[in-house]
Amino acid sequence: VAGASGSVRLECFQGAVTASHDCGLRCAGGASVSAVGVAPGNGSSQLQVPAAGLAHGAWSTQACELHFGGTQGSLGVICLGGRPRVFGQCTPAPAGEAATECPDELVWGMSILGAVGLLCLCLALAACAWVLQRQRRSDPVVPLSQLQAIVPAEPRQLTQPPPPPAPRAVTVEQQTLPTLCSPAEVQTLPQVYAELVRGCQMPLDIVCCVDSGYSVGEDGFGKAVSLLESLVQNLEMPPVQVGVVQFNHALLVASELCADGPALLRCLGDMTYQLGGKKLGPPLSKAAEMLQALRPFEDSSQRKRAVVMLTDGETTDLAEAAQAVSALKRQGVVVLFVLIGEQAPPSAVMNMASEPAELHVISLRSYGELPAACQRVLERLVDVAMWVRRAKCVVDLPAYQEVADIDCVPGYEVMVPGWRPKDPCTWAWEPQLGGCLQDPQVAPWDKSYRRCWEPPLPPPPLPQAAVAEVQTDPAPPPLAHSAGVQTDPVVKVSLEASRQAPLDLVVCLHSSTSSSSAPSPGSSPRAGGGQPAEAASFERAKAFVDCLASSVHMPEVRLALVSFHRASRVLCDFTGELEEFRARLREIAPSGSESRLAPPLRLALSLLSSVGAGAAAPAKAVLVVTDGGASDPEEARLVSGALKNLGAQLLFVRAAKGGSCSESPALRALAVPGQRPPRMGAAAAEPPQAPQGLFECEDGPQALRQL
């Protein structure tokens, strides 16, 4: 629209385009409007809009003196709907303020008088100063030794506090603009923010009364029935119920209050025009009787009730109709008239319609305009519930504030009622009446908003047992609030185990143990054929490491592999790929040479040192799998201390051969166990155990699998 300001919003969903706007017409710059003086001789004056123009509701003011001489006050121009309007009031200036011309002789006399007065004042001040100086010189001087200390008198004890000062009367002009902020002792900021969407239609009982008198005609009656069919098709049943009454001089109940849409449409299709007289009282009384009948839904106090009269307004029982309308209004029933034609006086219908009458009387020139009146009837009668679709709360859920975009509000997003789980990882927005957090406010019916048109809004996947989403964004700033000591948690959640915490683990596998040494020329294979006993023991150690790698969560846990016998080497650097680690593990072959612990521990220290440290760094650990002790305890002890200083755990797994699980004090002294994490559930009641750094078991498949 030319000259308008504001914005127009277009929304497209499923091929349908809807529009909304907040536009207002501007007043062009330079436009003028006349201001007329009331007093005789004042005439009129032209007030102009500023060159930049004025938006709808904006104004500018000027002094009255600029337009009407001898006046005081201000005049203004305000822009309303694109047209400038004048506001303000000019009053005559007081007579004492009028300028008068003084004679020159009077001016000279006043000047001389002022000069003489000023001279006398200066002489008086000089005389006072001379007298004070003479008195100060005649006062005797008292020696310092003769002065006595001056002790202040004891303060009087007040038996009662002094009365508070009397309040002063302050004159405040009338506030015309909304107050933006006000001091308050109690915290008034909302702690829950919510996005609202239109839900289903609110419970409503409507009785439609259709006029079939002699002045309506068969064609007009058919168009009235078409209007009722459009109403039924746009109502949600339930919770809306509709009843239909056909009237002239007699009554015909076409349908009792019913929530079955197809059945109502069949009843409307069976209605026929019946010529008759004009009486409005009986159909209004019948409508009141139908609304008082027992309904299969909730209490009637929870439901809105309305009567729609489709008539041209002619009646022979105006007094009886007015009495019936008064009874309906006392019961809280909304009475709406669709008035067709100009046969009846509008004032009589206005008095019978509900307040405000301008909204509850829809005037049409002819029955041909009835089909287009369906939307106007629905807007005045049907309320649509507003549902909370998404919300973010700080503590208290029921006290929320509506916002346009929930993503702009810091806080923790909650799953409000109305989301339904489709499967353990997917939730869908499926609102139902009585199953959503409903806002107290309602919105009028609008054809551009239908419940089925709401676009899907999938939230992040949630585990089935969780009742709250994990907050991954930075914590929001705390909101100031007044509260006493918190003694009970406001929000309660259920927890379940998830992925393992980040960890860098170096596995050192001993391939030169006596149990895995190469077979001698005189040795024999194990009973039943197959590998020698020494090689089978080493394969069980590799199977233990493989089982351990399969039990961790990669890539959160990264593994490195070090093989040690006579020489130590890194077979696999840190990796989060299980198959890569397994391939390097299969490459290790048994060896029969002696081994030392210090070299592989140094390699593990080098690998862990390259990762870095800090709060965000993963945990560090070294696991040594062997069947022997330490041949270099002093050197290994120095490397163990370096690992401890790095914050890494050092654990040993020792598989003893021959069924003997003897103690290994050297390995136990080198171990650097970590603190046990707190237990959850029933295990939390068990007594705490000391950290363990050496795990020993028999060299057998079952024992290693359990370990």
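With a relative accessible area of 0%, C64 counts as buried, buried here standing for under 20%, exposed for over 50% and partly exposed for anything in between, with a 1.4 Å probe and protein chains only. The model is a predicted one, so local features need pLDDT of at least 70 and side-chain atom pairs count only at pLDDT 80 or more, while totals for chains, interfaces and linings use all residues. Residues are numbered from 1 along each chain as its sequence is written, and side-chain values use heavy atoms, with hydrogens and water left out.

C64 has a bonded partner: its sulfur sits 2.0 Å from that of C90, and the two form a disulfide (a pair of cysteine sulfur atoms within 2.5 Å). The link of C64 and C90 is left-handed, with -85° about the S-S bond. C64 is in the loop between β7 (59-63) and β8, whereas C90 belongs to strand β9 (residues 83-92), so the bond ties together parts that are 26 residues apart in sequence. Helices here are DSSP runs of H or I with at least four residues, strands are runs of E with at least two, and both are numbered from the N terminus.

C27 comes from the loop between β4 (24-25) and β5 (32-36) and C79 from strand β8 (residues 71-80), so to speak distant parts of the chain, 52 residues apart. Both of these cysteines, C27 and C79, are buried. With the bonded cysteines of the protein chain numbered in sequence order, the pairing reads 1-3, 2-4.

Some other cysteines stay out of such bonds. For C120, the closest cysteine sulfur is that of C122, and at 9.3 Å it is too far for a bond. C120 counts as partly exposed, with 47% relative accessibility. C208 has its closest cysteine sulfur in C209, 7.6 Å away and again too far for a bond. C208, though, is buried, at 3% relative accessibility.

On the aromatic side, the structure holds one pair, formed by F221 and Y273, which is tilted, with 5.9 Å centre to centre and 50° between the planes. For such pairs, ring centres of Phe, Tyr and Trp (its six-membered ring) must lie within 6.5 Å; planes under 30 degrees apart are stacked, those over 60 edge-to-face, and the rest tilted. F221 is part of helix α2 (residues 217-233) and Y273 of the loop between α3 (261-269) and α4 (281-291), so the pair ties together parts 52 residues apart in sequence. F221 is buried, at a relative accessible area of 3%, while Y273 is partly exposed at 22% relative accessibility.

The bond from M237 to P238 is cis, with omega near -25°, and so is the bond from P238 to P239, with omega near 20°. Both P238 and P239 lie in the loop between α2 and β12 (240-247). Most peptide bonds, by contrast, are trans.

Helix α8 (residues 374-381) has C374, V377, L378 and L381 as its buried residues. Viewed down the axis of α8, these fall within an arc of 95°, so they line one face of the helix; the arc is that of the directions from the helix axis to the C-beta atoms.

H510 sits in strand β23 (residues 503-510) and is buried, with a relative accessible area of 7%. Its side chain makes a polar contact with the side chain of T626, at 2.6 Å. A polar contact is a pair of N or O atoms within 3.5 Å; within protein, one must be able to donate a hydrogen and the other to accept it, and residues adjacent in sequence count only if both atoms are side-chain atoms. Neighbours within four places in sequence aside, H510 is in contact (heavy atoms within 4.5 Å) with F538, F564, S595, V625, T626 and D627.

As for the whole protein chain, its secondary structure comes to 14 helices and 28 strands. Of its 707 residues, 33% count as buried. Among contacts with a separation of 6 or more, 70% are between residues 24 or more positions apart.
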